[in-house]
Amino acid sequence: MSYLLEGLNPEQRAAVTTTEGPLLVIAGAGSGKTRVIVHRIAYLLDQGLARPEQILAVTFTNKAALEMKERVHQLVPASRRRGELLISTFHSFCVRALRRHLDRFGGAYTRDFTIYDADDQGRLVKACLKELGLDDKKYPPRAMQYGISAAKNRGETPETLPPSSDPKRDALIKTFRLYERRLAAANALDFDDLLLLTVRLLRRFQDVADDYNDRFRYILIDEYQDTNPPQLNLARLLTQQRQNLCAVGDPDQSIYKFRAADIRNILDFERHYPKAKTIILAQNYRSTKTILDAANAVIRNNRARPNKDLATRNAAGEPIRCFVAANAEEEADFIVREIIAWQRRHEHLRPEETRAAILYRTNAQSRLFEEACRRRLLPYVLVGGFSFYERAEIKDALAYLRLLLNPHDDAAFDRVVNVPPRGVGKSTLEALAARAGADSVSRWTAMTRLLEEGGLSARALTGLTNFASLIASLQRLLDAARLADLVSAVVTRSGYADLLEQEGTLEAEGRKQNLEELVSAAAEADERGERLREFLDRAALVADTDDLVENARVTLMTIHSAKGLEFPLVFVAGLEEGLLPHARVAQDEDDLEEERRLFYVAVTRAKRQLYLTQAERRRVYGNEVATDPSRFLDEIPEALMTVQSGAGTAARRADDGRPSLKPPAKIGAQRLTKPKPAAAQGAGRDAPASAAGGLRVGDRVEHATYGAGQIVRVADGKLDIAFPGRGIKRFVAEAAPLTKIARK
């Protein structure tokens, strides 16, 4: 038996050694998924079934890809891994393919294309709305950006979208059409294009598809439940000749529908690959039996899942602790005090065995936890804030570097043409944009034409001439200079360093240090043998969690960011209707199942101790409103939990008089149905309110779409109602479809 199979359980061993044909590995939380993938790659190399360059492993973060590669190198002797082992993200793989073959399409795009991140896309959408004369308040740029991305992931183009009489739909189509033209003029691709164009490349050019099919004998895809339609198409195109595809994932952890992930990809794997074998990894090595029993009890309520339960040989451990706080401030303070006390009680353990995580549904919830940590001098790391490559000064420096390779990159041009200030004012920028739009060219080309024709103010002429000269002088360094020297030259010659020096503030000093760190990052890239294009690609594809500090004693993060991680101590906060599950799922059962999977992911991050917390009242737009406990709490057996309430709570009581987190009857599974007419609802509710005179500030009401809310203002025949997770909605009192909830 190969040494690579030692220590694996029977199911893990089967997943490693079943090498031929399509294989689906359903890997439950904490079941050793990464270990199986790493050992499978090592086994293929060790048994001589493939050379390194004949294996492709795809995952969703650069961090996971790097970890896998390092672990394979530890397992396999250097003599067996001569050649390039490609372990990458989907987007990184697509960039590699398009850098080689994009010019096969002809037209405006070249291999030196720029990658537009979400911020670049947002700026371009805003510019398109302005050029089209569309009001960005009526047509919010973020909504338009999301609509374009959603259309692309459905495989639609501006030409295939049918005309619409709906003003919003019509505005989306017009913006989409101009957005695509501006991308082409800038020789730029957004994140969706990376996938879609690679799929189109493999479909249109059979010789390219054959080349990749010949090269990759074995393909592994991690987190298969998070794949979207283009990623599914890519996998199928790469396995046309051989079907040695190993898909690893867990339908119970599919939580990225908002990124177009489709759970059907993993549920329908055997339909896509009729000869597929399925292996289930259900033995959990992470959590206590109590935590797993709770997770199993919750997720069984979902329909779209395989019939599996996690099992463990670990001890039962401590009960799950539930806490009902009077308000969100008390919830945050309780959590921080418990972390401090828990870590003090376990000071005899290694620091990594006492790490804690505070998990929440939305980024906005982090503020109170940050403030509580600061008050009690508890060091913490926040995941999901500005990562290094999202900081303004770093994006400015990278924009200069992007222009050196692609002067037609409009997003980069707009970002730095007047940074630092060089006399290029608003009217000049508008003239550039108008000329670019009229001639259907990039900002750079429009600038060149305006400089040749004249007609600009003396100040603008000087500023643009100096800018063009700066870019030209820096471009002359591309072939000769080390990458670190090039980055340093950008920072100094642009005047950015002098600007920060003259500012002389503490913030400016911090920004200078960040730019120095960018030079250091470039030096590391030099050591890896990277050129500028590879360095920029790496920066563009970095993810939030790639910056995660793994040894942090306390980590604050959303549940989405926590997937794939584990912590000895976990707090899942804000377990209220409207937050988790989120308010927008109230009428959609598929969305509710995804919210339940999100809760399941949160629960299964915990190794030793799990806390579930809820606030009875929470501020919404400055007004404190009452909340209802999350329905998911009702799905955990009472025997697994202990419940306590904070000072000043009016916590619901169980039959034995103890505090209860259980939601009232109206919050249960029936929440998916619309409220019944008042006559059918029985006692406990008033008739639907039809006039402001019958309702007062503080009254609780229920709306068919938004759920339960609280009236925070009554004036001029209108009602302002705060719905947890949905904000404040205004209704005309006489027409509002509301049902008053009687006070208890």
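A search of the whole structure finds 0 disulfides, a disulfide being a pair of cysteine sulfur atoms within 2.5 Å. Cys246 is in no disulfide, and the nearest cysteine sulfur, that of Cys94, is 20 Å away.

| Residue | Relative accessible area |
|---|---|
| Cys246 | 2%, buried |
| Cys322 | 1%, buried |

The model is predicted: local features need pLDDT of at least 70 and side-chain atom pairs count only at pLDDT 80 or more, while totals for chains, interfaces and linings use all residues. Residues are numbered from 1 along each chain as its sequence is written, and side-chain values use heavy atoms, with hydrogens and water left out.

An open sheet of 6 strands, with parallel pairing, runs in the order β3-β2-β6-β7-β1-β8. Strands (E, at least two residues) and helices (H or I, at least four) are DSSP runs numbered from the N terminus; two strands pair if DSSP finds at least two bridges between them. Because β3 (86-89) and β8 (277-281) each have a single partner strand, one side of each lacks a neighbour in the sheet. Strand β2 (residues 55-59) pairs with β3 in the parallel sense over 4 bridges, and Ala57 stands opposite Ile87 in β3.

Helix α7 (residues 167-185) has 19 residues. Its buried residues include Leu172, Phe176, Tyr179 and Arg182. Just after α7, Asn187 takes a positive phi of about 50°.

Technical notes: The expected span of a helix is 1.5 Å times one less than its number of residues. Buried means under 20% relative accessible area, exposed over 50%, partly exposed in between (1.4 Å probe, protein chains only).
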